[in-house]
Amino acid sequence: MSLTIKKVPTVLSIHQMDEEEDPKFAGAVRRCCRAGKKLPTLTFAPESATDSRLMKKVRSFGSFDDLRVPDIDGYSNEETGSYNSDSDSFSGGGYVQDVSPFDRILLAAWEDRFAAGLFRYDVTACKTKVVPGGYGFVAQFNEGRATKKRPTEFAVDTVVQEFDGGKFNFTKADKAEILFAFEHGDRTMKSSAYNSAKTIDASPNVMLINVSPIEYGHVLLCPRVTDCLPQRISPELLLPPLYMAAESRNPYFRVGYNSLGAYATINHLHFQAYYLMEAFPIERAQTTRLPQRVYKKRHRHGVVVNQVTGYPVRCLCFERKDATFEALADLLGNACERLQERNIPFNLLIADHGARVFLIPQVFSHHAAKGEIPEDVAATGVNPAVFEISGHLLYKQQDDYDACTQDAAFKMLACASLGEEEFYETCSHILAETDPSVKKLANAAVPELATSAATTTEAIEIAAARKHRNTADADPGSPTSPPLLSDGDSADGVVPGH
């Protein structure tokens with residue numbers, strides 16, 4: 001697969017707004033993100049994110065039996081009011097398309113930093129291929145990220161940890177890495193507005209480049225950056241990344257989150273995003289209802305929650321449907337908070353302009369700590385953070401990249417999955433409307449999840465030994481035969497393109 005970079009006009013660089021500052025802090029984010037300073041700012045219109053026409057783009061990439069290329073031409077002036085149909089920025093030939101003001105500004109600023117040599121390596125030179133097979137795993141050989149990425153500076157066995165200003169955090173980043181601030185507009189705004197030098201009132205949500213990128217346009221969103229929030233999710237902190245996903249009109253733009261213990265490497269709140277010109281396999285996986293013993297309502301405040309089946313990692317899909325982003329953030333954020341309370345690492349993948357969010361609890365690091373990862377999997381050095389666990393696999397060695405197969409990818413990701421009964425007990429707990437501490441999953445005598453990695457892994461081993469239920473339970477599937485969507489799924493509103 002070949003990628004082509006399209007040059008777009010350069011926007012104002014942060015270096016062009018330098019003021020007289022203390023030389024000791026002149027180059028730091030913390031210095032230029034204080035109240036009274038000026039930053040390039042994209043103010044988004046929250047009402048534009050409720051456009052129901054965009055929600056029709058759910059399942060942009062179809063299913064395993066119906067792989068299709070998103071109709072980017074459908075994102076026209078008539079539908080969104082933001083795309084110039086005369087533009088040649090996408091013609092089906094691998095271009096990353098700037099189809100909205102957000103995409104245009106982000107890509108222009110990102111390429112400005114690329115031209116300035118701010119990245120640790122040239123990600124556009126990395127080899128990428130689609131692994132043969134029905135899942136369509138995407139493999140990349142990225143030696144630079146393996147050798148030049150910042151190492152983890154905290155313990156990985158605890159999901160919630162206090163912020164430590166003595167360790168690296170994004171307030172210490174070079175201010176040249178800032179692309180723009182991303183701020184919430186008022187309800188009277190009809191469309192987003194860009195100001196090249198807007199005065200900051202409070203701790204801003206800032207968009208930074210990822211200096212160790214995985215793909216083209218790889219950025220970091222740091223909500224309230226100077227408030228120094230730890231890497232921890234709450235409902236209100238999910239709103240900036242959801243609105244960021246909605247601001248892009250390009251279905252190839254996805255937003256991800258790694259908790260501590262699920263391969264976040266910096267304990268300072270941040271989300272990642274980039275443009276991958278392929279489907280993530282998890283986006284194409286089948287979704288079905290959870291068993292009623294686990295989650296009876298399924299619909300809550302306009303949000304539909306399904307389980308993802310036929311994928312190597314058991315996980316949930318939250319679909320916005322007619323809900324507001326606030327309702328989605330509330331339900332999803334509460335689920336994340338309960339995972340954090342139980343010390344269960346997890347990842348989030350936001351797709352389809354924020355219309356779908358995958359919540360992926362995982363225990364790969366727990367197994368690794370106990371030496372339970374198969375030798376051939378561990379030898380690859382692949383860490384299943386959000387994008388890897390969603391199907392974009394980053395190999396650090398040429399031989400592993402050359403030899404990767406669908407079976408090997410499936411085996412690796414399956415090492416991260418919770419066991420069947422533990423998954424269902426966890427789902428029942430995090431989706432409960434009442435106090436989750438008093439709700440027990442019927443007919444599932446699974447030990448309570450503890451806050452230590454050892455006890456959590458023990459629960460997995462117990463659950464894995466249980467007999468498979470003959471119900472509509474999640475099955476991690478087969479590495480050779482991804483399942484097809486059934487007629488029953490059509491009634492659940494998961495037909496591709498609807």
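How do E7 and E9 pair, and over how many bridges? They run in the antiparallel sense, with 3 bridges between them. Two strands count as paired if DSSP finds at least two bridges between them, and the labels themselves are DSSP runs numbered from the N terminus: helices (H or I) have at least four residues, strands (E) at least two.

Before you click on, a word on the model: it is predicted, so local features need pLDDT of at least 70 and side-chain atom pairs count only at pLDDT 80 or more, while totals for chains, interfaces and linings use all residues. Residues are numbered from 1 along each chain as its sequence is written, and side-chain values use heavy atoms, with hydrogens and water left out.

**Stop one: strand E9**

Select residues 271-275, which make up strand E9. Because 5 of its 5 residues are buried, E9 is largely enclosed by the rest of the structure. Buried here means under 20% relative accessible area, exposed means over 50%, and partly exposed is in between (1.4 Å probe, protein chains only). In a regular strand, side chains alternate between the two faces of the sheet. Phe 271, Ala 273 and Tyr 275 sit on one side of E9, Gln 272 and Tyr 274 on the other, and all are buried.

**Stop two: Asn 210**

Next, pick Asn 210, in the loop between strand E6 (206-209) and strand E7 (219-222). Is Asn 210 buried or exposed? Its relative accessibility is 9%, so Asn 210 counts as buried. Show its contacts (heavy atoms within 4.5 Å): leaving aside neighbours within four places in sequence, they are Phe 119, Arg 145, His 218, Val 219, Leu 220 and Gln 272.

E2 and strand E3 (residues 138-141) pair in the antiparallel sense over 4 bridges, and Thr 128 stands opposite Gln 140 in E3.

While you are on E3, click Ala 139. Ala 139 is buried, with a relative accessible area of 0%. In sequence, Ala 139 and Tyr 401 are 262 residues apart, yet in space they are 6.9 Å apart, C-alpha to C-alpha. Tyr 401 is among the contacts of Ala 139, as are Thr 128, Leu 393 and Cys 404.

**Stop four: the cores**

A nonpolar core is a set of buried Ala, Val, Leu, Ile, Met, Phe, Trp, Tyr and Cys residues joined through side-chain atoms within 4.5 Å. In the largest one, with 67 residues, select Leu 290, Leu 316, Phe 318, Leu 348 and Leu 359, which touch the most other members. Helix H8 (residues 325-341) gives the most to this core, with 8 residues. Another core, of 39 residues, lies apart from it and includes Ala 139 and Leu 394.

**Last stop: helix H6**

Finish at residues 239-247, helix H6, where 9 of 9 residues are buried. Among them are Leu 239, Tyr 243 and Glu 247.
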